[in-house]
Every structure is written in C-alpha cells, then in structure tokens.
Amino acid sequence: MFNQSFTSPLTVQAPFGHSPISLETGKMARQAGGAVVVRQGETVVLVTVTGSHTARPGVDFLPLTCDYIEKKYAAGKIPGGYFKRESRPDTWEILKARLIDRPMRPLFPKGWRKEVQIIATVLSYDHVHDPGVCAMVGASAATGISDIPFDGPMAGCCVALIDGEFKINPPLATLSEAKLHLIVAATEDAVTMVEGEGKEASEEEMIEAIIAAHEAMKPIIALQRQMIASVGKAKQLVEAEEIDVALFERVLDLSIDGLAGALTIPGKHERHDAISEAKRATVDALLAADPALEQRIPEIKGYFYKIEREIVRSLIVEDGLRLDGRGLTDVRPIACDVGVLPRTHGSALFTRGETQALATVTLGGRREEMRIDNLDGDTFQPFMLHYNFPPFCTGEAKFLRGTSRREIGHGTLAQRGVASLLPAHDDFAYTIRIVSEVLESNGSSSMATVCASSMALMSAGVPIKKDVAGIAMGLIQEDDKIAVLSDILGDEDHLGDMDFKVVGTEDGINALQMDIKVKGLSRAILRKALSQAKAGRLHILGEMRKAITQPADDLSRYAPRALVTYVKPDRIRDIIGPGGKTIRGISEQTGCSIDVDDTGKVTIFSPDMEAAKQAEKLIHNLTEEAEVGKIYMGTVQKIMDFGAFVEILPGTDGLVHISELAEGRVARVEDVLEEGQEIAVKCIGVDRNGKIRLSRREAISEGFKL
C-alpha cells in the first residue's frame with residue numbers, strides 16, 4: 001500500500017509597512033527545490049525555486065531564469081483573447097521578473113554553472129498590496145530553504161515619499177500622490193538594487209528613501225533566517241575555484257605589456273581588437289611552449305580576464321585614468337541635432353562619444369492609446385516609449401528577434417524619466433509615442449534615449465514642462481579607495497562594482513536605477529555619487545540646449561490637429577448614432593478621427609484644420625438644442641389637424657400650432673403648408689419635458705418670408 005507522508009507546514013510572520021507579511025512553506029509545491037507562499041493582506045504569491053544537480057557542458061555563466069506570472073483568476077478575471085488563457089508574459093510581468101533577477105543573481109556563488117529557475121505565481125490579488133514585493137521576498141526565502149547555495153537572504157520593498165513622510169509598502173492606490181516611489185532590494189549588510197521614479201525629487205530625498213527601505217527590510221531578512229534554520233535543506237557543495245599559480249604567473253608575464261597598452265586605446269573597437277590580439281599572442285606563446293595546454297584554454301582565458309580586470313580597476317582607483325583617457329568626472333563629447341527626419345512629427349539625434357540614439361515622436365488620437373489588461377483591470381496609456389537595440393549598434397551580426405527583456409526594461413526606465421514632464425492629457429489631447437533607435441552603443445543607451453526623447457518632444461511641439469537628461473554612473477571600490485565615474489563605458493560597467501542611472505531636470509530626479517555589487521554602501525558614498533551625477537546631468541542639459549531650448553511653436557504640418565469641443569453627456573448618443581453609424585459618417589465625410597468620452601468631451605483629429613472645423617460644425621448641428629427666441633430654417637416633417645411638426649435641428653422637432661401658422665385664422669394646415677416644405681420658424685418656448693413650441697407667424701412678422 002502506498003503511503004505519502006506529510007510534514008506540518010511552517011508559517012512565520014512579521015510587520016512590513018502598513019500590514020504584516022507571512023511566509024509559509026511545506027503545504028504547496030512540495031516537489032520544488034524550495035517553495036514559499038507569501039501573503040500580505042489578501043495578496044498571495046507562490047514562489048518556487050528548482051535547480052539542477054549537474055552543470056551543462058560549455059556553460060560559462062550563471063544559467064538563472066526568473067519568471068513572474070500573473071494569473072487572471074487572482075483578481076477574479078477571465079483572460080481576454082480567443083483562447084481565454086494566460087500566454088506569453090506581458091510588459092508588466094517582464095518588469096517584475098527583472099526586479100527578482102537583478103538582486104538575486106549576484107548572490108549565487110561565482111562560478112556556479114548549474115541551472116536555477118525561479119517562478120513567482122500570483123494566486124490572489126487584493127489591489128492594495130504589491131505582488132511584486134511579495135515575489136522578491138518569496139524568491140529569496142524559497143532559495144534560502146532549498147539546497148542551492150545562496151549568499152542571502154535578501155528582501156525587497158516599496159518606499160514612497162507621501163506628504164513629507166516615507167511610507168513602506170503603502171497601499172498601491174496612494175502611489176499616485178507620492179513625490180518619489182522606489183523598489184529597493186537589500187541583504188542584511190547592503191542595498192543591492194534600486195528602481196523607481198520621482199517628481200523632481202532631491203538627491204537627499206532619494207538617499208533617505210533608500211536608507212529607510214533598508215531598515216524596514218532587516219526584520220524580513222531575520223524572518224527568512226528563522227525559516228531557513230527550521231526547514232532549510234543542506235546546501236550543495238560549492239567547488240572552490242582553484243588557481244594554478246604557476247600558470248597564472250606565466251599568463252601574467254606573457255600578457256601584461258600587451259594588455260596594459262591595449263587597455264589605454266580610446267576607441268572601443270580598436271581597444272577590443274588590441275585586447276583580442278594580446279589574448280591570442282598569449283595563448284599562442286603558451287601552446288608553443290607546452291602543447292598540452294590546449295585542453296586548458298578556457299582556464300587560461302579566465303586568468304586573462306582577471307588580469308584585465310585588475311589592470312583597469314588599478315588604473316582608475318590608483319591613477320584616476322579611464323579606458324578612453326578621460327578623468328573620473330568627464331563626460332564624453334556630445335552632439336545634438338533636432339528635426340533630422342522630414343516626415344516624422346518630431347525627431348532628434350543624440351550622440352555621446354560612441355553612443356547614439358535616434359528618437360522620433362508620433363502624435364495620434366485617443367483610439368491609438370495603448371490598452372493594458374492586467375490584474376488591475378483594463379486601462380489605457382496615452383504615452384509610450386519604445387526602445388530598440390539592434391545588433392549593428394555594437395558592430396555585431398545577430399538574428400533579429402522579438403523585443404528582449406532588456407529592451408523592455410531600458411525603455412521603461414526612460415519612459416519613467418520623461419512621463420512626469422508631459423502636459424496633462426486634458427491640455428494636450430494626443431496619444432504620444434516615442435521610439436528610440438539605438439544606432440551606436442558603448443555606454444548607457446537608455447540615458448541617451450532620455451536625452452534624444454526630450455529633444456524630439458520639443459521638436460514635435462509637445463509643450464513639456466522642462467527638458468530632461470540622463471546619465472549613467474559607475475563606482476569602483478578597492479579597500480578604502482573609491483572612484484565614482486561619470487558617463488561610464490560598457491567595459492567600465494562590466495568591470496565595476498556599481499552602475500546607476502539617474503534621469504532628471506535641473507531641479508530634481510525623475511527616475512533612478514541602481515545595481516550594486518559591494519557591501520556597506522554608505523550614505524557618504526551615495527551622496528557623492530548622486531552629487532557627481534547631478535553635475536554630469538546639468539552639463540548634458542547645457543549641451544542639449546545648444547540645439548533646442550523650448551518646444552516648437554507649432555506642430556509638424558504632418559501631425560494631426562486636435563480640436564476639442566464639448567456636448568452634454570445625454571447627447572453623446574446623437575453623435576454616435578445606431579451602431580456607430582453617425583460618427584462613422586462624419587469621419588468618412590470629413591476625413592477626421594473623432595473621439596468621444598463619457599463626459600461629453602469630443603476631440604477631433606485631422607491634419608487639415610478646415611476639415612476639423614467642418615466635423616465640429618456637423619457635431620454641433622447634431623447636438624445643438626433649441627434656444628427660445630431664435631429663428632430657425634426648418635423642414636415640415638408631419639402635418640396634423642392641430643398643426644405641423646417641423647425639424648429645426650438634426651433629430652430635433654418642434655410643433656407649430658395651427659394658431660401660429662399665419663396672421664389671422666387658418667382653417668386647415670394643408671392650406672398653408674405641405675410636408676417637406678422648408679419654412680422659417682421662431683422658438684417661442686420649451687416646456688419641462690423638452691417639448692418645443694414654434695411660431696411661423698412670429699418669424700414672418702420679423703421679416704422672414706418662408
């Protein structure tokens with residue numbers, strides 16, 4: 001007889017912001033390497049981690065995959081689409097998955113080559129507590145209790161500055177009121193990741209928010225330690241990295257001169273070619289002396305990389321010299337051009353050293369807003385920023401595939417930085433789409449995207465509140481020596497201890513992203529880094545202003561013009577017509593795109609303002625209401641014994657009583673009128689039920705003959 005043994009589930013709980021968080025294991029998904037159910041309020045997220053016990057041959061990186069899945073049933077919804085089931089992850093899910101991956105990845109042992117898969121599944125969502133924060137905590141807890149080696153635990157939380165006070169994990173509905181809103185991840189000793197946005201927040205406010213978040217997470221890290229101590233599995237052994245000292249010294253002796261010279265070449269491709277040549281010459285010399293080393297070439301290349309890393313870091317920290325010869329605070333030369341494409345609604349080209357972004361702006365109507373279907377329901381987004389990173393921008397030849405997670409993440413960072421400076425939709429009734437094409441990349445292309453987007457918006461005549469720029473910073477720490485680098489190169493990012501990107505105006509920060517690899521990042525270091533970033537940002541804004549200083553006075557002649565008018569909400573049906581027939585007819589007649597919202601706001605889009613005015617007139621004719629004392633030219637619709645019904649406005653009839661047809665007595669209505677006849681009538685009254693009384697007699701007395 002088959003027996004299945006069950007262990008008692010373990011649940012631990014601690015306060016976390018405005019409501020407690022609980023971690024439960026041993027009840028769900030027991031065959032995973034580690035599984036934790038995280039609850040906060042009525043938001044429930046299951047996080048599992050599973051790892052293989054053998055490494056795939058030839059893998060020289062950590063094969064970690066992180067997925068975040070929102071099940072529609074979690075919010076009582078049925079998925080849209082034909083198949084009515086969840087399919088590929090949407091942008092929101094990809095961004096949440098990146099928030100798990102970025103702080104988790106550095107905490108696995110260096111050299112770990114066995115596959116690790118983390119899956120966070122949202123099972124219940126209360127619209128109050130962020131399931132992404134639950135997923136970050138659950139990912140650490142599940143990995144901590146698994147047999148996978150892990151230098152955690154870590155935690156994640158939301159911190160927002162609302163009404164001058166830092167709130168930890170505030171209700172999601174309150175975030176729109178926040179001056180800044182960050183997602184922070186940290187271990188007990190160090191902040192490891194920061195992602196978020198602000199409304200021109202100061203550098204000091206950002207620092208205080210990060211520190212407040214770190215303090216709030218320490219009890220949650222302790223909570224995980226409690227769970228790990230109770231049910232954690234024995235960890236797989238980590239094989240210590242062995243260094244063949246004799247071989248390492250031979251590689252060092254053979255490569256040091258060529259590598260040191262190569263690493264001071266300013267140009268990216270020239271530098272990489274010289275490094276490759278130094279590597280090839282070193283390997284050739286080693287094999288010539290000992291052909292048996294052919295089997296150890298991957299090990300030799302690893303030693304070569306260690307030497308390269310130490311040379312670069314030493315040059316920067318000890319001598320203040322960077323790969324391209326700049327000082328630590330120097331920003332590469334900048335060139336800016338606007339209006340570079342004739343038929344786009346706005347365009348700009350931003351070049352900073354060997355990084356270049358081309359941004360275009362397209363303006364559209366409300367129907368072109370992006371529809372978002374997530375657990376919070378259907379929403380419409382009138383601003384989009386799409387970032388493309390084709391392989392030619394780094395001089396590579398690769399297959400063009402779908403949008404990558406990296407492209408989604410970088411585009412979202414740039415979008416956050418720009419969005420708060422756009423005019424209110426009521427003031428500028430357009431859907432705005434920016435596309436950034438990265439044409440060259442050596443350094444932060446997402447920050448180049450911000451700069452190009454700001455100028456392109458101005459070129460398009462979008463009345464943005466201020467111009468905005470972005471800069472990527474780096475940090476290298478060797479013992480007590482620290483170097484903060486402005487406008488980092490790609491190689492400096494790869495070899496450094498921290499990279500962070502700051503987007504803002506001259507008055508404050510709009511978006512921030514940090515990935516930190518060192519422990520004990522102090523307030524003083526953060527202050528120095530953000531202060532240096534501000535100086536670099538202001539320099540970049542100055543260069544941008546040489547090309548454009550304010551939005552263009554008018555939109556492109558190829559952009560649609562928006563004409564806004566208003567009707568009473570109860571007359572919207574007259575514009576739409578049965579099955580949309582009326583509004584389609586107006587669009588076909590005038591060539592305009594027409595949007596109507598529930599408040600009665602009507603927005604007419606057309607490149608031809610005369611056509612827009614024609615459409616506006618047709619709409620006013622449909623929705624105009626009778627005005628007492630006004631004379632109308634109407635058409636007799638129906639004759640009755642007691643008078644005639646006359647249409648004075650489209651769909652609006654009034655009664656001309658037989659006594660109001662003419663001076664003197666009229667025996668029969670047919671003696672004066674016939675159906676289809678056009679006559680002048682005066683509105684002499686509208687009763688409380690909306691019935692209109694008309695007079696032909698009074699119109700004639702005022703000089704109208706019909």
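Predicted model: local features only at pLDDT ≥ 70, side-chain atom pairs only at ≥ 80, totals over all residues.
Colleague: How many aromatic pairs does the structure hold?

Modeller: There are 7 of them. Take Phe 428 and Tyr 430: the ring centres are 4.6 Å apart.

Colleague: Why is the pair of Phe 428 and Tyr 430 called tilted?

Modeller: Stacked needs planes under 30 degrees apart and edge-to-face over 60. The planes of Phe 428 and Tyr 430 meet at 45°, so the pair is tilted.

Colleague: And why is Tyr 430 with Phe 605 called edge-to-face?

Modeller: Their planes are at 65°, and the cut-off is over 60, so edge-to-face it is. The centres of these two rings lie 5.5 Å apart.

Colleague: Which parts does that pair tie together?

Modeller: Tyr 430 sits in the loop between α7 (405-419) and β17 (431-440), while Phe 605 is in strand β24 (residues 601-606), so the parts tied together are 175 residues apart in sequence.

Colleague: How do you know whether Phe 428 and Tyr 430 are buried or exposed?

Modeller: Same cut-off, under 20%. Phe 428 has 9% relative accessibility, so it is buried; Tyr 430 has 6%, so it is buried too. Ring pairs link Phe 428, Tyr 430 and Phe 605 into a cluster.

Note on methods:
Residues numbered from 1 in each chain as written. Heavy atoms only, no water. Phe/Tyr/Trp six-rings, centres within 6.5 Å; stacked < 30°, edge-to-face > 60°. Buried < 20%, exposed > 50% of the residue type's maximum accessible area, 1.4 Å probe, protein only. Helix = DSSP H or I, 4+ residues; strand = E, 2+ residues; numbered from the N terminus.
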